[in-house]
Amino acid sequence: MAYLAGNGMGTAALTDINNTSAAWEFVDYCRQAGVRPLLGIDFRNMEDNAACKYIGIAKDNDGFMELNIHLSHHLHTEERISDRAPAFKKAFVIYPYRPRLLQTLKENEFVGVRPQDINRIIMEDEALLKKKAVALLPVSFNNKEDYYLHCLLRTMYRNTLLSKLQITDAGTRHECAITMPQYLDLYKQYPYLVANTQALMEQCTIDFDYKAHKNKKSFLGSPEEDRELLLAECMKGLAYRYNNDKEAEARMLHEIDVIHKLQFTSYFLTVWDIVKYADRMGYYYVGRGSGANSVAAYCLRITDVDPIELNLFFERFLNLHRNSPPDFDMDFSWKDRDDIIDYMFRKHGVGHTAMLGSHNTFQFRAVARELGKVYGLPKSEIDTFIGSTELNHRIGTSKAASLMDKYKQKIVHFSHRLSKFPHYLSVHACGVVVSDAPMHYYTATQIPPKGFPITHFDMYTADKMKIHKLDILSQRGLGHIKDCIEIVKKNKGETIDIHRVQEFKKDPHLNHLLMHGKSIGCFYIESPAMRQLMRKLDCDNYLTLVAASSIIRPGVSESGMAREYILRHHNRDKYVAIHPKIQEILGETYGVMVYQEDVIKVAHFFAGLTLAEADMLRRAMAWKFRVDDGFKQMEEKYFANCAAFGYPREIADEVWRQMEGFAGFSFCKAHSASYAVESYQSLFLKAYYPLEFMVGVINNFGGYYNTEFYVNEARRAGANIHAPCANRSEYLTIIEGIDIYLGFIHIKSLETTMAQSIPLKREKNGPYTSLEDFCERIKPGMEQLFILVKIGALRFTGKTKKQLLFESLFLYGNKKTPLVDKNVLFPEPALTYNFPRIGQSTREDAMQEIELLGFPLCPRFDLLTTDFRGDIKARDMVNNLGHKVTMIGYLTNTKTSKTRHGHYMQFGSFMDDDNDTFEAVLFPETYKRYPLLEKAIYAITGKVTEEFGVTSLEVQKCERLEISFSVEGITRQYASV
């Protein structure tokens, strides 16, 4: 923009090809540079060598909407763009010059003459040229190198070699930026082309408002009606949440007044309407984000977080001096989320609703690989080169680059240029926007595979535009809560109100489970690290869990303060904060930054930044905003203020280090509280309905551990685990009393249609009576039938697996489908065969279960070739501190991390033969010799250690133990890892 302004170009039109992503940014940059902006779209069929069909130039904002509607229609339907434009009312149309086109133009249509066309128009009617021709000079590149970069991109898009790129597949060299004198010189033979262009542009204007909010302004039709509805619904919730407490009522009324003055009443009601729909449909949800600081949101049942209990201030996130809206993140079950989004489109209209777009960018390694293909390098050479290229990229040494040939130097250079460059438009993970004006007033839309229209702008542009998103997310934790409640209703006939969170927080049984880390399967608190943290903190209450939910995040750990927090938690009267001012600000968290708000507090009260600057600093410290220019200025102001306040430089440095490592990966307190609420809900179900709860977890496939671990947890809670059965099982896992039947979905290589049809046809026509009956009704192929036999799904016949396999061979002959004639009038009874009864050992069953399920249904330890089960069990570790012992455990998961010196170490979680878990640590030297590479049963030798009451095994040696599937036992053996 500065280049255009500096070279006498007072007006510029952005006409991206089939895209409007940059429109709002372009207009803003033009205004800053003093250039008058115009908007348009270059319409093309990308599969036809991307030749320009026509360019639409908006006369005004309504014209921009007209162009957006036209483009969106083609993007939604994939209908080809025709050679002639429709009859736009508010937009001009410019066609690339073609002979005899001038005679056919409508009033708003023109022919664009490019520099290379000047010698071609000599035979045209000059009168028509003077009336209907304009100068068309696209500026696509700054310079020749940008043009070359464009050719590389087009070659990558065409998946060909640079040497084979056709002229028609790319732009032309003439599309580089030039000065105003150069522009006038190009058209000196036909000065009226320039005059016509200027006259056309003077008839156009674009006026974007970057200050006014653009979300739906009224929910019912007027702001006054909206306020009355919000007040009425909040009063209902006040009785439910606070029993009409006067202090809560006063705060709620104050919030409603602020919400109404800032014109966010419709925003709150939109979220309230979503949760009301979710309630009607029986969907479970969690409302989180900064909006959870609101008593009004709590009364509307948008969140289950009590802001008064947690001392959360509404004004910190919404007040009369700050007009950004509260941030509501709404979590739904992964099964329900799409219907919630669909409801928003139905409620507010497709024309006013869209999901946010997201711009995926090129990454250095991927670009280098693609450029290697563009230059024709063999794959083996590319693979070898990528590693060294990545090294050179990080080091950035010119010496390393000088050792490459010219093509590899080009690959490195242009990989740098393209890194972080926009690649393609995708859909934001969760953002939905509802606008007051039609969505096409702001952007074109297109349909991704998900099926909902998406905007061409992303969340950052939306924030600048003041069109605020609502995050509709999905998570598996809510899925297992919902499923568990339904399973309890079916299995026990009990109805559960899962929103009795205040009762759950006071339940001593739940708090006992928390303190001892007995939370396998529970949302957010089941990982080894989180269970260890809860034990280290003696976490037996809601407020400690809220803190733990944020401490476990990388931010506190990377700032080095996680362990310090635990120390201070156990020695509350003995610790000394880094500075008295920090203790005054962060006394609640022992002088340690735990929540996002703490960064704001420290930056404001300790370093003297304004609240607005402090919040900007917090955002800038997050990695995705680190590129903002304001970050360096705020850093300088921070240190300048600290010096002015007389703080020693080393203290200012340490506080800054903690802030910088912390801010990008921390939770706000309301967010942590929302997670803690869901954790309590999960824990309640686990505590009082453990079998139904584990079935819900198994069926949602989204926990920290794999299915085998949860099956073992269910067995430990008293369940009888059964393999899939054709006459008992469903597609998903079910429970009958204390008997759990695994679902057909868990059988590897079983076709989905087969897995779904078995229970459906059983429900429709009754139980299967024999092998022949099953084959006639299901018609499985021989391979599919063998899978079902081997997993034991046909055990209802009373025959062994081997008998069934023999009968299957007779039944099928040499065909792929069973030899059963369904058209006979009087079907004959099934044939019987007198096979000898061939036994099936438990070990053989286990081998087939591992093959088809991924795990055996018997305890894995029963398959060991040794009876040795370790010197001690997990429960004995606390009595063997400092002792060297050998323990036997099944590896459930690992985590590899880097020490501060750059060496790798490993953490392993194991389960002993009593289904109790224990943790092991492999420091760098041990990790080099004995890395835990796969899930198996190990003999682990090491020293038992303890920290804050939590034991672990400091590994000195580990060996993988052999298992046997033979019928006969095998003597004890070890196989070294």
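This is a predicted model: local features need pLDDT of at least 70, side-chain atom pairs count only at pLDDT 80 or more; totals for chains, interfaces and linings use all residues.
Just after helix H32, Gly 718 takes a positive phi of about 110°.

Is H32 mostly buried or exposed? Eight of the 10 residues of H32, which spans residues 707-716, are buried, so the helix is largely enclosed by the rest of the structure. Buried here means under 20% relative accessible area. The buried residues of H32 are Thr 707, Glu 708, Phe 709, Tyr 710, Val 711, Asn 712, Glu 713 and Ala 714.

Now turn to helix H2, residues 23-33. Its buried residues include Ala 23, Trp 24, Glu 25, Phe 26, Val 27, Asp 28 and Cys 30. What covers them? Strands S1 and S2, helix H3 and helix H17 (459-465) are among the elements that cover the buried residues of H2. Following H2 comes Gly 34, and its phi is positive, near 80°.

Strands S1 and S2 bring us to a sheet. Strands of a sheet pair through backbone hydrogen bonds, either parallel or antiparallel. In this model, six strands form an open sheet with mixed pairing, in the order S1-S2-S3-S4-S5-S6. Which strands stand at the edges? They are S1 (11-14) and S6 (133-135); each has a single partner strand, so one side of each is left without a neighbour in the sheet. From one strand to the next, the twist averages 35°.

S4 (residues 91-96) and S5 (residues 109-113) run parallel and are joined by four bridges. Here Ile 94 stands opposite Phe 110 in S5.

Helices also meet this sheet. Helix H3 (residues 61-77) packs on the sheet and touches S2 (36-44), S3 (52-58) and S4, with its direction making about 20° with that of S2. Helix H7 (residues 191-202) lies across S1, S2, S4, S5 and S6, and runs at about 90° to S6.

**Spaces inside**

Finally, let's look for empty space. Rolling a probe the size of a water molecule over the atoms shows where empty space is left. How many cavities of 30 Å³ or more does a search of the whole structure find? The search finds five. Here are two of them, side by side.

| Cavity | Volume | Lining by class |
|---|---|---|
| Largest cavity | about 110 Å³ | seven nonpolar, four polar, one charged |
| Second largest cavity | about 50 Å³ | five nonpolar, three polar, one charged |

The largest cavity is lined by Asn 215, Lys 216, Ser 266, Tyr 267, Thr 270, Val 271, Met 344, Val 432, Val 433, Val 434, His 468 and Leu 470. Helix H10 (265-281) and strand S10 (422-434) each supply at least two residues of this lining. H10 gives the largest share, four residues.

For the second largest cavity, the lining residues are Tyr 285, Val 286, Gly 287, Ile 302, Thr 303, Asp 304, Val 305, Ser 674 and Val 677. Strand S7 (285-288) and helix H30 (669-688) are the elements that give two or more residues to this lining. The largest share, three residues, comes from S7.

How values were computed. Residues are numbered from 1 along each chain as its sequence is written. Side-chain values use heavy atoms; hydrogens and water are left out. Buried means under 20% relative accessible area, exposed over 50%, partly exposed in between (1.4 Å probe, protein chains only). On a 1 Å grid over the protein atoms alone, a cavity is a set of points where a 1.4 Å probe fits but cannot get out, and a pocket is an open set with protein on both sides within 12 Å along at least five of seven lines; lining residues have an atom within 4 Å of a point. Grid points are joined across faces, edges and corners, and a volume is the space filled by probe spheres set on the points. Ala, Val, Leu, Ile, Met, Phe, Trp, Tyr, Cys and Pro count as nonpolar, Asp, Glu, Lys and Arg as charged, and the others, Gly among them, as polar. Two strands pair if DSSP finds at least two bridges between them. Axes are lines fitted to C-alpha atoms, for helices over the stretch in contact, and angles run from 0 to 180 degrees between N-to-C directions. Contact means heavy atoms within 4.5 Å.
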